Amino acid sequence: MTNKKPAIPLRLFIAIALPEPVRDEIIRVQQELQPLVPRAVVRWARSDQFHLTLRFLGDVSVDLIDCLRQAIGTVCQSAPPLSLHAAGIGFFPNPRSPRVVWVGIDDGPGRLTDLQRRIEASVQPFSSEPGEKNFTGHITLGRLKNARPADTRDLAARAQSLERRVFGDWTADEVEIIRSELSPGGSRYTSLAVCRFGGGGGSVSSL
């Protein structure tokens, strides 16, 4: 009798991709902000890591990915395309003690928040990671650690001046299930499945 090896868990998240023109504008503002913070206290996200994350799942068994795709596909089936707007710079938890600097993403009518809530409910059987209590659409530009007020004073002032800066608008018609592989050089992302709005069930790429 051959012992079956346990399925390998994959580190996954659900996200909406950015179009290239919006990505390019966000890259420009990230480059403007980088000189304002000591390099020792910030880790800037690579441009290939820019995504509108709807839900981080953590480790999910590879055996469950098809069921996960079906669950998300069911949510997307009744979802309309989203008219998304990227604008402004913000901080989590706040500008006085920033740990994350981000670009805001919104859709106006609240459909993005509704989609996120429905995806949140659909992935409960697949993830033990806690969900977001108060979802805020955003693209992470960088993460700060052990920053002193003096380290972030210029960054906060510049962010305030960029409050109304627009990085672009686009129509999103799908979400992706993305694998995140950790490495010394940073996370590497691979799209495993695409679920289209309005009935597209999506497909799973080879693992």
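Is tyrosine 189 buried, partly exposed or exposed? I looked this up first in the predicted model. Tyrosine 189 has a relative accessible area of 28% and is partly exposed, because that value falls between the cut-offs of 20% for buried and 50% for exposed.

**Entry 1: aromatic pairs**

I searched the whole structure for aromatic pairs and found two. In one of them, the ring centres of phenylalanine 13 and tyrosine 189 are 5.0 Å apart and the planes stand at 70 degrees, so I recorded the pair as edge-to-face. An angle over 60 degrees is what that class requires. I then placed the two residues: phenylalanine 13 belongs to strand 1 (residues 9-16) and tyrosine 189 to strand 9 (residues 188-196), so the pair ties together parts that are 176 residues apart in sequence. Phenylalanine 13 is buried, at a relative accessible area of 5%.

The other pair is formed by phenylalanine 92 and tryptophan 102; their ring centres lie 5.2 Å apart with planes at 35 degrees, so this pair is tilted. I found phenylalanine 92 in strand 4 (residues 82-92) and tryptophan 102 in strand 5 (residues 100-106), 10 residues apart. Phenylalanine 92 is partly exposed at 27% relative accessibility, and tryptophan 102 is buried at 15%.

What is the order of its four strands? The order is 3-1-8-9, the sheet is open and the pairing is antiparallel. Strand 3 and strand 9 are at the edges with a single partner strand each, so one side of each has no neighbour in the sheet. On average, neighbouring strands are turned by 25 degrees against each other, direction ignored.

For strand 1 and strand 8 (residues 174-181), I noted four bridges in the antiparallel sense. Isoleucine 14 has isoleucine 177 of strand 8 as its bridge partner.

I also checked which helices pack on the sheet. Helix 2 (residues 65-77) does, touching strand 1, strand 3, strand 8 and strand 9, and its direction makes about 50 degrees with that of strand 9. Helix 3 (residues 111-122) also packs on the sheet; it touches strand 1, strand 3 and strand 8, and its direction makes about 10 degrees with that of strand 3.

**Entry 2: the nonpolar core**

Which residues have the most contacts inside the largest nonpolar core? They are Ile16, Ile89, Leu141 and Val175, in a core of 55 residues. Helix 2 gives the most to this core, with six residues.

Leaving aside neighbours within four places in sequence, leucine 141 is in contact with several residues, among them Ile26, Leu33, Trp44, Phe50, Ile89 and Trp102.

**Entry 3: two single residues**

I located glutamine 49 in the loop between strand 2 (42-44) and strand 3 (52-61). Is glutamine 49 buried or exposed? Glutamine 49 is buried, with a relative accessible area of 18%. Not counting residues up to four places away in sequence, glutamine 49 touches Gly186, Ser187 and Tyr189.

Finally, I looked at aspartate 24, which lies in helix 1 (residues 20-33). Aspartate 24 is partly exposed, at a relative accessible area of 29%.

Conventions: Residues numbered from 1 in each chain as written. Predicted model: local features only at pLDDT ≥ 70, side-chain atom pairs only at ≥ 80, totals over all residues. Heavy atoms only, no water. Phe/Tyr/Trp six-rings, centres within 6.5 Å; stacked < 30°, edge-to-face > 60°. Buried < 20%, exposed > 50% of the residue type's maximum accessible area, 1.4 Å probe, protein only. Contact = heavy atoms within 4.5 Å. Pairing = 2+ DSSP bridges. Axes fitted to C-alpha atoms, helices over the stretch in contact; angles between N-to-C directions. Core = buried A, V, L, I, M, F, W, Y, C linked by side-chain atoms within 4.5 Å.
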